[in-house]
Amino acid sequence: MHQKLQNIKNEALAQILSSEGREELDRLRTHYLGKKGVLNQIAGEFKKLDREQRVDIGRLFNDVKAAISDAFNSKNVGISGIPAGGPATSGSEIDVTLPGFPHPVGHLHPNTVVAREINAIFTGLGFSVADGPELETEEFNYTRLNLPPDHPARDLQDTLYVKEPEYLLRTHTSSVEARILAVHRPPYRFVFPGKAYRNENANASNTPMFTQYQGLAVGQGITLANLKHTLETFVTGFYGSSAKSRFRCKYYPEVEPGVGMDISCPFCNFKGCMVCKYRGWIEILGAGMIHPSMLEMVKLDPLKFTGFAWGMGLDRIAMTRYGINDIRALFNGNLAYI
Ligand SMILES: [Zn+2]
C-alpha cells in the first residue's frame, strides 16, 4: 500500500507537470481526485488494514493527496494566473478575495465641476473664458456699469470697502464686464465665473462671499434674439433637452431692456415643490441688452454696436444640480455628506 501510494504520487506529479491546457488538467484532476478517482479507490481499501496500519497509511494518504492538490493549483496558476478551487474564483476571472482598489480621497468642488461644465457649453458657442481682480476700484465695480455715485442701486449692494470710497471687494463679477468693454474691441464673446463679496450675514441662502457666472457678447447686429438663443442653448445643454425656459421683463441698471430667465423646476418638473415654492419655475439668471450709455463710455457708437450680457449665481446652479438646500454647505470644509 505504501509503495502504491508513492507510485500514484510520482505518476500524478509527473503527469500534472507535463500536462498542457486546462482540459487535460481537468481530466487529470477527475482521474486522481474525483469521486471515483484513484485516491478514493485506494481509500476504499483501507478497511482491509488493521488499526495501526490504517493510521500510518492514512497519514501518508493525506500527504499524497495534499501534494497532488498543490500541484494542480500551482499548474492552474501557470495556465490562467488564478489559483483554482477557491470559493471566490470558481467560474470567475475576478478574485474577489483580493484587497480592493483604494478610493481616491477628495474631489473637485461642486462649483468647479459646474463651472467647467458651463464653460464647455459656452466655449462651444464661441465664448472665451475671462477673469478679473476681486479687489476692485469703485469705477469698474459701479461707475462704468451705469451706476454713478448718486445711483440708488448702489445702496442695494452692501459693499465691503477696503479703502472707502475708492477700493472695494467686487460686489459682482460685472466688474469683469466693465474691464472687457474697456480693453477689447468688438466683436467678442466672453464668460467669466468668479467670486463676489457683500457685507451680509450668512444664512441658508446668502453668504458674504458667493460665486457668479456672467457673460457678454458685443458686436454689430446683436439682438435680443441672440441673447435668447444663447441662453436657451445653455439651459438645454445643462439641464437637458426637456428643460423649459421663459423670459420676464426685469430692471437692471446696466442693461436696457432687462430680462429675467426662469427654467422649469428641475426637481419637480411643474408638479410643484419646496424648491420652486410650488410655482413650477425657478429664476436662474438676469440678462439684457447692454445699456447704450455703457457702450458710449467706452467710445462705442450704440447705433452701430450692440451687445447682451447675463449674470447668474453659480452657487445656486450647483445647489440645484446636487440637491443642496443650504448655500453654507458649499463653503464648509467637509463636503462628504453631499
Ligand atoms: Zn419644483
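Trainee: Over how many bridges do β8 and strand β9 pair, and in which sense?
Mentor: In this predicted model, strand β9 covers residues 281-290, and its pairing with β8 runs in the antiparallel sense. The number of bridges over which β8 and β9 pair is eight.

Trainee: Which residue of β8 does serine 245 stand opposite?
Mentor: Strand β7, made up of residues 245-250, pairs with β8 in the antiparallel sense over six bridges, and a hairpin of four residues joins β7 to β8. Within β8, the residue that stands opposite serine 245 is isoleucine 263.

Trainee: Is strand β8 largely enclosed or largely open, and how many of its residues are buried?
Mentor: Buried here means under 20% relative accessible area, and strand β8 spans the 10 residues 255-264. Strand β8 is largely enclosed by the rest of the structure, because the number of its residues that are buried is eight.

Trainee: What is the bridge partner of glycine 288 in β10?
Mentor: β9 is mostly covered, with nine of its 10 residues buried. It pairs in the antiparallel sense with strand β10, residues 306-313, over five bridges. In β10, the bridge partner of glycine 288 is alanine 309.

Trainee: Which arrangement do the four donor atoms form around the zinc ion?
Mentor: The zinc ion is coordinated through the SG atoms of Cys265, Cys268, Cys273 and Cys276, at 2.2 to 2.3 Å, and along the chain these donors follow the spacing C-x2-C-x4-C-x2-C. Four donors count as tetrahedral if all angles lie between 85 and 135 degrees. The angles subtended by the four donor atoms are 105 to 115°, and therefore the arrangement is tetrahedral.

Trainee: Does cysteine 268 count as buried or exposed, and what is the relative accessibility of cysteine 276?
Mentor: The cut-off for a buried residue is under 20% relative accessible area, so cysteine 268, at 8% relative accessibility, counts as buried. Cysteine 276 also counts as buried, because its relative accessibility is 0%.

Trainee: Which elements give two or more residues to the lining of the largest cavity?
Mentor: The structure holds one cavity of 30 Å³ or more, and about 40 Å³ of space lies in the largest cavity. Its lining consists of Arg144, Ala178, Leu181, Met294, Met297 and Val298, which by class gives five nonpolar, no polar and one charged residues. The elements that give two or more residues to this lining are α7 (174-183) and α9 (292-297).

Trainee: How many of the residues of α7 are buried?
Mentor: The buried residues of α7 include Ala178 and Leu181, both of which also line the largest cavity. α7 is mostly covered, and of its 10 residues the number buried is seven.

Trainee: What is the volume of the second largest pocket, and which elements each supply at least two residues of its lining?
Mentor: The second largest pocket has a volume of about 280 Å³, and of the 15 residues that line it, the closest to its centre are Asn111, Thr112, Gly194, Lys195 and Thr211. By class, this lining has six nonpolar, five polar and four charged residues. The elements that each supply at least two residues of the lining are α5 (110-123), β5 (188-197) and β6 (209-219).

Definitions and conventions
Residues are numbered from 1 along each chain as its sequence is written. This is a predicted model: local features need pLDDT of at least 70, side-chain atom pairs count only at pLDDT 80 or more; totals for chains, interfaces and linings use all residues. Side-chain values use heavy atoms; hydrogens and water are left out. Donors are N, O and S atoms within 2.8 Å of the metal (3.2 Å for Na, K and Ca); water is not among the atoms, so sites may look incomplete. Four donors count as tetrahedral if all angles lie between 85 and 135 degrees; four count as square planar and six as octahedral if opposite donors are over 155 degrees apart and all others between 65 and 115; anything else is irregular. Buried means under 20% relative accessible area, exposed over 50%, partly exposed in between (1.4 Å probe, protein chains only). On a 1 Å grid over the protein atoms alone, a cavity is a set of points where a 1.4 Å probe fits but cannot get out, and a pocket is an open set with protein on both sides within 12 Å along at least five of seven lines; lining residues have an atom within 4 Å of a point. Grid points are joined across faces, edges and corners, and a volume is the space filled by probe spheres set on the points. Ala, Val, Leu, Ile, Met, Phe, Trp, Tyr, Cys and Pro count as nonpolar, Asp, Glu, Lys and Arg as charged, and the others, Gly among them, as polar. Two strands pair if DSSP finds at least two bridges between them.
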